[in-house]
Amino acid sequence: MREFGYERAFDVSGAVALLGADPDARFLGGGTNLLDLMKAGVERPALLIDVRELPLDGVELTDDGGLRIGATVTNSDLAAHPEVRRRYPALAQAVLAGASGQLRNMATVGGNLLQRTRCGYFTDLSKPCNKRAPGSGCPALTGEHHNHAILGTSEHCVATHPSDMAVALAAFDAVISYETADRPGELPIDEFYLPVGETPHIETALPAGALITGVTLPQAPVAIHSRYRKVRERASYAFAIGSIAAALDVQDDVVREVRLAYGAVASRPWRARAAEQVLIGSPASAEAFAAAADAELAAAEALPENGYKVTLMHNLVVAVLTALTEEAAR
Ligand SMILES: Cc1cc2nc3c(=O)[nH]c(=O)nc-3n(C[C@H](O)[C@H](O)[C@H](O)COP(=O)(O)OP(=O)(O)OC[C@H]3O[C@@H](n4cnc5c(N)ncnc54)[C@H](O)[C@@H]3O)c2cc1C
Ligand code: SF4
């Protein structure tokens, strides 16, 4: 591993200035992803700027009844926060579905958003990988891809985004705030994560050198009736092979509002807007849920080993929306 320096930042402008002064510097959150990538040789920073002492560790109600979550809030604190659990239960469930207790105690909101794919070729320096070494190729297309993407893929990369938390944030229209040396800025999560296209190595629209300062969740009464469900290859401590964050408002057996986002099927958290459109005004029935699932999955492009994800996601949508409907009827 390359030798590196370490600095602790105590204010936002100081952190941004430190990063701006060294093109090889990286922000350090909990380090649960960055340090692994450094050990693998994928990341070789000259300087780590620890952001955990920044005053960004609060969760506050906003004036419109939403939530503002600081970038250094740990995943454990986020999942345990009473307002998160009450107003956005799927977010708390998503965070708790990820990693382990020890990792969640270290991992931060900012770091979770920017964690890198778990595609095995990405961390194997002996193999080509367009995400790690642009233009070198994508061995996953003809190699190991059973847990790769089926939606929004390109011939340049079929990796999935690994975050559970970000899937729930996508369902609830989160807005990511950042600070650069010049100005503060905001990006809706739909624009924060870029489509994979021809540049899989450019994953977000975050300007160079930007520090994520927080995430704002707009008020969403529908989110009170929400759930996160994750399917994985073992019961705990594993990344998703398919997941869903869903929220549903049913009145007189008709869907009035719905939010759906999928995880582990695309290079970014996948907001299922085609499915949502089919559902609004439809009866809250298994048939309508199945039709909505199919509307979204019509765009799926499976590889030889990951076609099972189409069926998996179809079944997840029907199961979770049915469970939310039954819950509302109680
Ligand atoms: C064994 C294992 C299992 C896991 N299982 C899951 C799982 O099931 N589901 C899941 O969702 N995740 C899982 N994770 C991933 C874990 O959630 C992430 O590693 C963690 O959320 C990253 O947060 P961090 O603060 O440690 O980020 P770091 O590792 O510190 O940083 C990650 C990246 O974000 C950048 N960064 C950090 N903070 C900021 C900021 N404020 N502004 C700008 N850039 C920043 C860093 O420079 C780095 O590029 C697992 C991890 C491990 C090791
Ligand atoms: S899927 Fe993406 S991350 Fe994996 S090998 Fe291909 S280019 Fe690299």
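# Close-up views of a predicted model

View 1. The model is a predicted one, in which local features need pLDDT of at least 70, side-chain atom pairs count only at pLDDT 80 or more, and totals for chains, interfaces and linings use all residues. Residues are numbered from 1 along each chain as its sequence is written, chains are lettered from A and ligands numbered from 1 in the order in which they are written, and side-chain values use heavy atoms, with hydrogens and water left out. Around ligand 2 there are 13 residues, of which C119, C129, C138, C157 and V158 come nearest; a residue is near a molecule if one of its heavy atoms lies within 4 Å of it. This shell divides into nine nonpolar, three polar and one charged residue, where Asp, Glu, Lys and Arg count as charged, Ala, Val, Leu, Ile, Met, Phe, Trp, Tyr, Cys and Pro as nonpolar, and the others, Gly among them, as polar.

**View 2. The surroundings of ligand 1.** Ligand 1 is surrounded by 31 residues, with F27, T32, L34, T108 and D164 the closest. By class, its shell holds 14 nonpolar, 13 polar and four charged residues. At least two residues of the shell are supplied by each of β2 (25-28), α2 (34-40), α7 (109-113) and β8 (211-217), and the largest share, three residues, comes from α7; helices (H or I, at least four residues) and strands (E, at least two) are DSSP runs, numbered from the N terminus.

**View 3. Atom pairs at ligand 1.** A nitrogen atom of ligand 1 is 2.7 Å from an N or O atom in the side chain of D164, while oxygen atoms of the ligand lie 2.9 Å from a backbone N or O atom of N33 and 3.3 Å from one of A238. The protein covers 92% of the 980 Å² of accessible area that ligand 1 has on its own, as given by the Shrake-Rupley method with a 1.4 Å probe.

**View 4. The loop that holds A99.** In the loop between α5 (89-96) and α6 (101-106) lies A99, which has a positive phi of about 55° although it is not a glycine. Most residues other than glycine have a negative phi.

Terms used:
Polar contact = N/O pair within 3.5 Å; in protein donor to acceptor, adjacent residues only side chain to side chain.
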